[in-house]
Amino acid sequence: MDFALTNEQEMLKKLAAQFAENELEPATEEMERNHAFNAGIFIKMADLGFTGLGISPEYGGSGGGDTEKVIVVAEFAKKCMSSAATLSIHLVAPKTISRFGTEAQKKNFLPKVTCKGGLAAFALTEPGAGSDAAAVQTTALYDEATNEFVLNGTKCFITGGALADVLVVFAMTKPEKGLKGMSAIIVEKGTPGFTSGKIEEKMGLAGSETAELIFEDCRVPADNLLGREGQGFKIAMVALDSARIGVGAQAVGIAEGAVDLSAKYMRERVQFGKPIASLQGLQWYLAEMATKTEAAKWLVYYAAYLHDTDKPFSKEAAMCKLNASENARFVTNLAIQIHGGYGYMKDYPLERMYRDAKITEIYEGTSEIHKVVISRAILNQ
Amino acid sequence: MPSNNSTNIAAFKDVWVFCEQRQGKLMPTVLELLSEGRKLADDLGVDLCGILLGDQVDHLVSELGGYGADKVYVCESPLLKDYTTDAYAKVICDVTSEQKPEIFLIGATHIGRDLGPRCAARLHTGLCADCTALDVDTKKYVRFLRNASTLNVDGMKWDESDRNLKMTRPAFGGHLMATIICPRFRPSMATVRPGVMQKRPYSQAKADACQIVRPDFKLDERDLCTKVTEVVKTARKMVDLIGADFIVSVGRGISKDVEDGLKIAKELADELGGIVAGSRVAIDSGWLNADRQVGQTGKTVRPIVYIALGISGAIQHRAGMQDSDCIIAVNKNSTAPIFEIADYGVCGDLFKIVPLLTQMVREAKTNH
Amino acid sequence: MKIIVCVKQVPDTSGKVAVNVDGTLNRASMQAITNPDDMNALEAALQLKDKTGCQVIVVTMGPLAATGMLRELMAMGADEGVLVSAREFGGSDTYATSQILAAAIKHIGLEAEDLIFCGRQAIDGDTAQVGPQLAEKLNLPQVTYAADIRKEGDCITVKRMLEDGYMTILMKTPCMVTCIKELNKPRYMTVSGILNACSKPLTTLDYEALKDDPLIDPATIGLKGSPTNIFKSFTPPRKGGCIMMDGDARTVCGELANMLTSKYII
């Protein structure tokens, strides 16, 4: 078992850390103030090849696997959760197209979002279909006359949905078949009948725009069907398995960032004539935070390793996300506490990190759903 | 190239100083170097000579004499009017190979730092850059070391007959001081930063007594491999940090309101009759021009009073100002390293302190 | 056409630095980075590569650990890396280093169209000597303090900074230029650059590879051959006795003002 990062992985970590410190950290204040997506930063990510992670260079990608994604997303999350989430979620759709798409689809859609600066989105959730993903009601009925799918319905809480250039949308091509009637369809921005609605105001993740998507007789060429008809639910589940690892990485990164800030503050803050780092109570907090974060990190790396080596990884992906996300809440909460009054002030990043961390327990599958997934995997063995 | 080295050290004599001139004016650092060179020449019992290159520049000789030169080697040619590495290095190396000085000092100006290493390489000798102290006499060096270091100098063995030039300079961004020697080669070359050495008083008698020597040298068009197509002086008046007696310097601490920070710093500087400067952060962030940077990669200053506002006091900055007579530091953070070298420290908000200080100084001046 | 960029791996002296009890520097406490001015030199070379498609080779003299740095520079876009490393080269001062680097560059091969870029100075030695001395050993023209570099035909035009302005200098190739931080903003590595870096060529030149070059004379390289030696090294004593002013702002400023006017202002 070799736990060491390869030379390439070390360099990638260094690049991601430099980018996070030089580009992401300075942009957080504006993101918080404007509650808006920073397109400039996304272009910079694209220029350096981050947006093509996990996709073959043949389609404009940068190569690499889940381990590389984890390394980058975690480093980003230390400084800016919004950016980490933006990248992590962006990568889901291209990965899905790469896995299930035809050669023509890959050549057509992937370069737009790997190296040309386009944003990708994954549109599954609906007002009536959250944890119950199978309850999707958006329809995509086939029109034989025009060889098109006609989409009708609403999606909600879609990260980057309003701005994305390429989306993978999940809709019922055969509503009467239930779960087996769901398909995945590639939709491009600007397709008539496809508009975005409300942009949500959220507790955190200010730099990531979460949108309502509206499909009204939106006609899409049948060639845009991703995978087989009726394969949609399976495609979604496969996609979410890898996406979970990305969320695990986000959660690990934000926790690492909080631990680092706490250690620094404890060294500098002087009360009762000594740095507060000398107080055992706080030392114990720091030890707990660091230990749990370290453990969370390795479980995330392990899930990534299993996926990269083509081994079954669903259970571990669920475990790593469940564990890391709860840890992120635990760590950011204590980090505020360690910072005392300053932790509560917007001058310091702790309160933002606390608000940002919470989402990791909810999206890409709630903790509760993950517990179901994990126990099922165990009991079915 | 003649191998003029290590075979016969004793054949090398005299202390030389490169007399850099631009557009017919001597660089101020030359006078500081001559003053320092004079001390070295006296310790060794030899002559102090200048070497002056240019076109129609011999009017500068008496000034060079006034600051200590016994004689000046003057090499004039239209090809030497503007500095080029090729022309200057050729003439200097040819003349020094002939004349064999034992020590050769060059001011660490942009030109000096281009010329010095090229000559040292051609002459196959050692060069020590950015020296802050020079000694030939071992007793004097030991006295210097006693004050400048934490070494137990009295417990060490010293060779009092050692006449090597001991060149002290900062390294590792200023964290470490090193004394370098060039025992086996001559001339021992050193560059010195402007403002580091002190200028001695002008002596009319010495100016009148200074000899001119015009050595033979060969230089023609073919020796030049570069061409200067223009020399441009920036329109802005350059800031003379090195000559200032009072400096008010700003750092990261003004970042929350840069405009106000610069304004109050200037008001304090004006009240004191001084100049505003900045740490590297202030320059890199674009708050001040590069000519106002104090520190290891900026300028070295030793004003009478240096007031550091919102400067943490990282060692690269300290290297540029720690020899100021009086250092006053204002910083929100009581553990900032600047307080380790300050004479007076104020832990507080500079935005409140500085305007108040300016006002108090104004009142104190009128009452005085 | 190719551009050879000389780079050095240095301790990061801008960060925290620990001093040992005996006054020597704790080198392990400092992170190793690529010398900042050298990054500007590489960026200048890469920009010319973007324009002309030329080759960029990074060369460093250092211990084996420096290969990590070379790989990073290749991940930024350099095509090839050369490590010059041998026990015999250790302890060299700038004169000796420039001889060794000159021999290495001759080994790589320097053609009429080629350029050599160096950073102006390294943040550990702070001498700014290797560039010009290297040019001397290779008998090349030089321009230092370059704030702008343009290639036109078989010449380059360089804007050379002075304290109070600049000179514009025309120079034929091959030649040497030293670069300053004002020249450009070094680019990041890219993800594909990183994943490809380890497959780009990286050669090591040791003593055996270079010993036949007349510049590699055992008497003039390494610690023993260097013209300059360290006589003493020391840390300056801590200046003590800072008077921390107590009290409200008015009182403190009043006291300071009185001190300043009575002691220093006439």
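Reply: Start with the chains. Two residues are in contact if their C-beta atoms, placed from the backbone, lie within 7 Å. Chains A and B do not touch, and their nearest C-alpha atoms are 8 Å apart.

A word on the source. This is a predicted model: local features need pLDDT of at least 70, side-chain atom pairs count only at pLDDT 80 or more, and totals for chains, interfaces and linings use all residues. Residues are numbered from 1 along each chain as its sequence is written, while chains are lettered from A and ligands numbered from 1 in the order in which they are written.

Now take chains A and C. Their contact draws 16 residues from chain A and 12 residues from chain C. On the chain C side, α2 (66–76) and α5 (191–197) are the elements that give two or more residues. Helices (H or I, at least four residues) are DSSP runs, numbered from the N terminus. α5(C) gives the most to this side, with 5 residues. By class, the chain C side has 8 nonpolar, 2 polar and 2 charged residues. Here Ala, Val, Leu, Ile, Met, Phe, Trp, Tyr, Cys and Pro count as nonpolar, Asp, Glu, Lys and Arg as charged, and the others, Gly among them, as polar.

Next, the helix pair. In chain A, the axes of α7 (residues 232–268) and α9 (residues 314–339) come within 8 Å and cross at roughly 25°. Axes are lines fitted to C-alpha atoms, for helices over the stretch in contact, and angles run from 0 to 180 degrees between N-to-C directions. α7(A) and α9(A) are therefore roughly parallel to each other (angles under 35 degrees count as such). The contact of α7(A) with α9(A) has 19 nonpolar, 7 polar and 3 charged residues.

Conventions
Angles under 35 degrees count as roughly parallel, over 145 as roughly antiparallel, 65 to 115 as roughly perpendicular and the rest as oblique.
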